[in-house]
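My entries follow in the order in which I looked.

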Amino acid sequence: MKLAALALLAVSVLPGSPAPTFNKDIAPILHRNCASCHRPGEVAPFALLTYQDASKRAGLIAEVTRTRAMPPWKAEPGYGHFQDERRVSDAQIALLRQWAKAGAPEGRPEDKPVAPRFPEGWQAGKPDMEVTVAKPFHAPAEGRDVFQCFVIPLNLDSDKYVRTVEFRAGNRRVVHHALFFLDTSGSARELDAATPEPGYPCFGGPGIPPSAGLGGWAPGASAIPLPDGVATTIKKGSDLVMQIHYHPSGKPEMDQSSVGLTFTEKPTKGLSGLLTGTRRIDIPAGEAHYEVRDSLVIPQDVDLIGITPHAHYLCKEMKVDARLPDGSVTPLIWIKDWDFNWQGQYRYADPVRLLKGTKVEMKYIYDNSASNPHNPSSPPRRVTFGEQTTNEMALAFLQVMLPSPEDERPFRQAFATSRMVQMVEEGGEPAGLGRRKLLEQAARMFDKNKNGKLDPDEKEALVEFLNRNMSR
């Protein structure tokens, strides 16, 4: 703890010291760390903008900050430094406790700060383009989770460059998460036209080879703009394909969700996503400490700008590190008390340099015992990998910046090939890469002429390579 914070903590607990007041001491803490959610029209159940809002909940505020249940910032300090960290210090927690204990005094009017102003509706400000699913979708009351893809023509007459993507769930009671894809082929429109309901079923993926991706949303995520010079390109004529995962709430529900896009100038830097994770998850009923590990190797020098860890209800701890070629370790993120309801896309305050050959290592720990309050099954049951909410996942999405947009395609090809080699050398199947796609990558690796075909010698070498490695 810094000296200034220690001094503040000491003063706040000295006998006879003046009690903290809302206007001078408490409002700045709440405005910075809580008001983005605790304001009218947002996800929190009550506002915390004014003295009247906060004073009647002073004891609750002191308790949830003492236990660090609030504000919902899961990343541990010292394991990655991120933008917009909602983390209250020990000294601030002590102030909140002292304020509540003193009866929540308001303080002098002249000390009252100006309440923060937020854009109406959209967290990232009014988007340049706002699109909504054309018709409400009726989610069933019970049964298996539903994965539905909705096709939204963007009707762009020129390429656009996206800096911010913000999702607004139409019905938070049933929307589990959402993923966004782009389609220039018209294939998604054909699938949509073949079904009577809005959109089309799409368990496991969008059911098309997307031309690009626009990221995703899960509870707790917020819209974070990309760094200057970086953007995702939407080609002229693209359709947005919005895959939404619905989890039944116990009664029939309707949803009509929206996406807001903010545009910027043509990018000067490249942008790519990486995924580490595995399908090898098989958690016995009652197992309180089940570890899942995976890793990936960076195929060229990159700047890591963001990380998004993901699991379901049974995960309790997740840690991702970067082991550099010289053997040194750079911590990327550590979450000790994972909560599915407070997921996040973490953007680094400064890019993290990862050199070619860096090994990104993840370790997730799961608790499938009856003592886990988040366990959806009572009594506990065996849980394996899957996309249903009651299944489990172990994923970490990495967002990296490249020297130029021209580097994106070769970088993605190099990464896919390295993951294929990793699979055949280590066994198993990395999450996000099906066996067929891996074999396709293998075929491209042996296509020396780059003509899309394998001559007899190339095919023989590929078969020998796969037979030798698959049989390990």
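Entry 1, the model. I note at the start that I am working from a predicted model.

I recorded the crossing of α2 past α5 as left-handed. On the α2 side I listed Phe22, Ile26 and Ile29, which meet Gln92, Leu95, Leu96 and Trp99 of α5. Sorted by class, the residues of this contact come to six nonpolar and one polar, with no charged residue.

I then turned to helix α4, residues 58-66, whose axis comes within 8 Å of that of α5, with a crossing angle of roughly 155°. The two helices, α4 and α5, are therefore roughly antiparallel to each other, and their crossing is left-handed. From α4 the contact takes in Ala58, Gly59, Ile61, Ala62, Thr65 and Arg66, while α5 contributes Ile93, Leu96, Arg97, Trp99 and Ala100. I counted seven nonpolar, two polar and two charged residues in the contact of α4 with α5. Going back over my lists, I see Leu96 and Trp99 of α5 in the contact with α2 and again in the contact with α4.

Where does Pro113 sit? I found Pro113 in the loop between α5 and β1, the latter being residues 129-132. With a relative accessible area of 27%, Pro113 is partly exposed. Leaving aside residues up to four places away in sequence, Pro113 touches Asn23, Ala27 and His31.

Which members of the largest nonpolar core touch the most other members? In this core of 41 residues I found them to be Ile307, Val320, Leu332, Tyr364 and Tyr366. Among the elements that each supply at least two residues of this core are the strands β15 (302-310), β16 (315-323), β17 (329-335) and β19 (359-366), as well as the helix α7 (408-426). Apart from this core I noted another, of 28 residues, including Val133, Trp217, Tyr246 and Val259. As general background, nonpolar side chains tend to be buried together in soluble globular proteins.

Note on methods: Residues are numbered from 1 along each chain as its sequence is written. This is a predicted model: local features need pLDDT of at least 70, side-chain atom pairs count only at pLDDT 80 or more; totals for chains, interfaces and linings use all residues. Side-chain values use heavy atoms; hydrogens and water are left out. A nonpolar core is a set of buried Ala, Val, Leu, Ile, Met, Phe, Trp, Tyr and Cys residues joined through side-chain atoms within 4.5 Å. Buried means under 20% relative accessible area, exposed over 50%, partly exposed in between (1.4 Å probe, protein chains only). Helices (H or I, at least four residues) and strands (E, at least two) are DSSP runs, numbered from the N terminus. A crossing is left-handed if the near helix is turned anticlockwise from the far one by less than a right angle, and right-handed if clockwise. Contact means heavy atoms within 4.5 Å. Ala, Val, Leu, Ile, Met, Phe, Trp, Tyr, Cys and Pro count as nonpolar, Asp, Glu, Lys and Arg as charged, and the others, Gly among them, as polar. Axes are lines fitted to C-alpha atoms, for helices over the stretch in contact, and angles run from 0 to 180 degrees between N-to-C directions. Angles under 35 degrees count as roughly parallel, over 145 as roughly antiparallel, 65 to 115 as roughly perpendicular and the rest as oblique.
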